[in-house]
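I open a new page for this model. Confidence comes before fold in these notes.

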Amino acid sequence: MSHSPLPAQAAAEPAGLAARAAARIAEHPTIALTGILAILVLVTGFVEPNYLSVSGARNTLLQAAPLGILAGAQTILMLTGGIDLSVTMIATGSAYVAANQSPEGAAIAILLGIVVGLVVGSANGVGVSVFRVNPLIMTLAMSGILLGLFTAWAQTILQGSTQMGPFIKLIGGGSFFGNRIPYSVVVWALIAGGLIWLLRRTGWGRLIYAIGDNEIAVRLAGVRVWQVRITAYIVAGVLGSISGILLGGRTGAVDLQLANAFLLPSVAAAVIGGTSIFGGVGGYAGTILGALILSVLNSMLTFLNVGQAIQQVVYGTIVLALAWGYAGLTRRA
Amino acid sequence: MMTAVRSASTAVWRAGLTRNTWTLGVWLLLSALLIWYATLIPVFGQFQITSISKNSLPLVYLAIGQAIIVIAGGIDLSLGALLLLTNALAARLMDDQPFAMVLFIAIFLIAGLGILNALVGYIISVSGVPDIVVTLATGYIWSGFALWILPSPGGGTAPEFRWLFTGAQSGIGGTYIMPILMMAAPAILVFLLSRHTRIGLSIYAIGSDSIAARLAGLDVRRAKVSSYAIGGAMAALAGLATVALTGTGDPRFSVGANATLNSVAAVVLGGVALVGGTGLVLGAVAAGVILIMLNPILSAVGIDPNNAQIIQGLLIAGVMMVGGLVTLLRERSA
Amino acid sequence: MSKSQPLLATDKVAKSYGPVVALREVEFAVRRGEVHALLGANGAGKSTLVKILAGVHPADAGVVQVEGQAMQFHDPVDAMAVGIGTVFQDPALIPDLTVGQNLQLSEIEESDFTSWLEWFDLQDLDLDALVRELPLETLRVVDLARALARDPQVLLLDEITAALTADQAERVFALLNEWRKQDRAAVLITHRLAEVRRICDRATILRDGRNVALFEPNSAASAASGASTGTMQDIDEHELVEAMLGADVSELEESDEPQPTSQPQSDPSTSSQEVAFAVQGLNSGGLVRDISFDLRRGEILGLVALEGQGQERLFSLLSGDRQPSEGNILVAGSQRRWRAPSDAVADGVVLIPGDRLLTLLPNLSVRQNLVVPLFSRIRQWLRIPADERQRVMNAIDRLSIDTRAASQVRRLSGGNQQKVAIGRWLVAGFRTLLCFDPTRGIDVQTKLEIYTLLRELAAGGAAILLYTSELAEIQLVCDRVLIMHDGRIVDEQNAAHATEASLLTAAHGLEVPV
């Protein structure tokens, strides 16, 4: 008996070229996504020839890095069958704390900013896994609590600087190698490497996929599922913090609307990247492409000068079309 | 004979109470908050009642729509965007029109958005893409259209139309009869529809057990599409109420996003479980009013209204945690 | 009315679920004025055939005919419209609505429904009661009464008597006799052969998705006389059993020589093997009552029970999924208090659940499925054991899992899925194995492989508790067997002498004649 990697039916059927291509895309969605990304880049270059340059790429990556990291948080949670609607408030709060503590030095500012993600992520995790609150509701409530807390604190204990320190500004918005490579992309690359390693090469990653696919089975296999869930929310919280600090560094000053607009794109990037909202299916490689696609799309629509209205319509249509495409492919396979 | 009848009817009442404890609890909480609020401020009268009821209208409408969709086992993250779309269309179309024309436009919008969202429900049902993803995407699309129709805040409506929702042609002061009527009429209508008609019961059925519903001979897709149609129509009503309240249109994306999230919060607080099949529309109505009332109450007790966000969040998370704990303990003891 | 035209029939109906073939070219015909038994072992395809006849699933090939007309059912409602009334194994009632609301949904007049309730002596049923709060036997009657209120021409009853009281079952039989007189038809799926003999006129027998026999005892005579009982009474039950088990039994017996490799050998009374796992006085919620037994290393202890005797609850107690209200669980002599399955697994006590939906990660690969228990401790999270691949390959080889569809376990056949469920514990290691009906709905070849594996594991020192619904397995695989009835252990037999008859008798709570 041969150990061919192909599914039994596909091997048996005299599959047509189209069907075989569809099956291949269903197994490796990154192929199709890379194609879409390439087309989008070319179209954008056609619209604005200057885009196909180092500085064009740099600007897109600068936009994509914080989104990609937020979407990483969303990817991990979606793989477990969860979601985090508070991740942008975590980002905003962390940036706020980091800006406030910037006079104390970059290290303390960044560290305290990340503490916000740790604490909030743990609270989300306890609510979802121990008290079994629906993740949508838990993180939605958390988002409201954070908004209220930071609005109040902005006038009291967090009064003072809303300017990021120079080091954070450099990391968030600066570039090196002759102003070609943004520091934030290096941070993103490190995080991406870490996440892909965690998800593919560690037991924790195996469990993240497993509880998203069938939580009961994992419980019966002797795993304490709540431990996995809590750590997933903590990792998501920390990713939210890092993303917020980078975003704050890019804009320089921080306000309570800082990361607001990234909530839906963070989910959309993961969905476009092929991660199922029901859990168990997907990965961070797809999400990276999803974040890049959304960022290039953003640039293209900005160049086209169509205005925010059309931009939102196109955004929504693309998310819907890709999600529908996936559903069709996976159902056939 | 008499006693037999009485005991039978008390049994029905008792079953009704135990089954709808949550809904009842939310209404009791609302009454308690109202009484508390009345004692907190020096003068409590028509003005306060009018203000609370009219300000609650958009959220209550959205909560009713969201409740129906959640009962059917779905969730609609585009309701706030549909509110924006109606708000923009109404402010645009109704500006400087006579009342009759304005009414016609209103009815047209309610029907139109009902059909539009029915289409979304159909897409969900055909594509197999999760509700949350489809409505996330359509939410973008609708708020984009809203912004396209009304690029910046503006537009207007007929004074009579404002009176219809707020009880005053200027939108300020006026009688509380109109806003309460406008809240109660759709709420009771949708409630009766959901509990006493075949289509309403089939919405409960597909949320409770869609396989059993199909085996029992129900048209699962039709029930799903109907729930989305009702959700769309209620979102349109919310958009119209917003125009009447503010006298103008405001297409900001964040307004819609917050409205969606609040509608989900109201539904869950109101006792409609996100898994579907349980809860009453009326619970979501009371929860919607409570969420709006927190603001004036907090300012009356001298708490910064910014803290309303915190209290609201703690309330939702706390109530859900207690609910989760109760089911956990019940499972343990079974 | 013409009897030549069957009321409901299939012509070469076939159905597969993914790679699992449930039905192949099945012929089935029900005439007016007959009660027709549809029989077969577990996994023979009875329920699938019912679902096709009832319009739940479309057939992959073949036709369903009603009075000679080919039908296209897209939904159950289409089948209802042409007079097919079905009562499924799981009541098709909405749990969160009241009985009355369920009727309203189905557009049924209350009076039509309540008159049928009276037939079943349930006229006191409160129509305002929530379905969720009613006991299963009531729900099955409600479901049946609703189907009858639609005034169907043919009734499909899937295991209707399983959850009913004896009294209610009698009323169902009376109804079927009435049905026959009215020249309508009924299809009865049941495991109770006495019922078949008593009430049915003909019997179609399926095995592995194929027709294997049609019992047709001189139908003309009795139908003409309008007899009030079926004509199957002249058939010997053993003939039916033979037809149902057919090659299964003989294949198993023939294959005895090379395998299972190590036949049950130990005489339990003289065994001095140490006790690996024991329970004392276990009680839980009235479903499990005062259960005690010892399980020794190297032993396979069988457990036999009819449906719904508390065996599911017993296994969830033994695997740490629930805590008993009373009683002790001892592992290697020391008492354990488990709060979750993870505690049991840590003690080497592992479960293979009956429902594969409870054990598999359907969208993940065979490898991902096999390795889950390797990471049950936090300290195991940040690495993957260097020999992970090797262990996975060993398990795959030992179980000869067909890995052609290894990228998603849901695409594997039922037998291969079960192997994956077992393989997980070969990879992780264990001392006590709890198997809940591991061979249900699995092909003969895989069954044999699983028996062999269980004997090998026992020979290697494992202690195994095997609940099975296939009584023939007991003699083949087990050393001793416990029989459970109504929550209690009512009998213990030496597996070597446990015939299907003696097991069934004991499982009914009856005294086994010595």
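I start with a term: pLDDT is the predictor's confidence in each residue, on a scale from 0 to 100. It applies here because this is a predicted model.

Chain B, confidence. I looked up the average first: the mean pLDDT of chain B is 90. I noted that 94% of its residues reach 70 or more. Then I checked residues 1-6 of chain B, where pLDDT stays under 50. For this stretch I found zero contacts beyond four places in sequence. Where pLDDT is low, the predicted coordinates should not be read in detail. I leave residues 1-6 of chain B there.

Chain C, overview. I read 18 helices and 20 strands in chain C. Of its 514 residues, 49% are buried. I took contacts in chain C with a separation of 6 or more, and 71% of them join residues 24 or more positions apart.

Chain C, a sheet. I traced an open sheet of six strands, with mixed pairing, in the order E6-E7-E8-E3-E9-E10. From one strand to the next, the twist averages 20 degrees.

I then went to E9 (residues 202-207) of chain C, which pairs with E10(C) in the antiparallel sense over five bridges. C:Leu206 sits opposite C:Asn211 in E10(C).

Chain C, helices on these strands. Which strands does helix H1 (residues 46-53) of chain C lie across? I listed E3, E6, E7, E8 and E9 of chain C. Helix H1 runs at about 145 degrees to E7(C). Helix H5 (residues 136-149) of chain C lies across E6 and E7 of chain C. I noted its angle to E6(C) as about 175 degrees.

How values were computed
Residues numbered from 1 in each chain as written. Chains lettered and ligands numbered in written order. Predicted model: local features only at pLDDT ≥ 70, side-chain atom pairs only at ≥ 80, totals over all residues. Contact = placed C-beta atoms within 7 Å. Helix = DSSP H or I, 4+ residues; strand = E, 2+ residues; numbered from the N terminus. Buried ≥ 20, exposed ≤ 12 C-beta atoms within 10 Å, placed from the backbone. Pairing = 2+ DSSP bridges. Axes fitted to C-alpha atoms, helices over the stretch in contact; angles between N-to-C directions.
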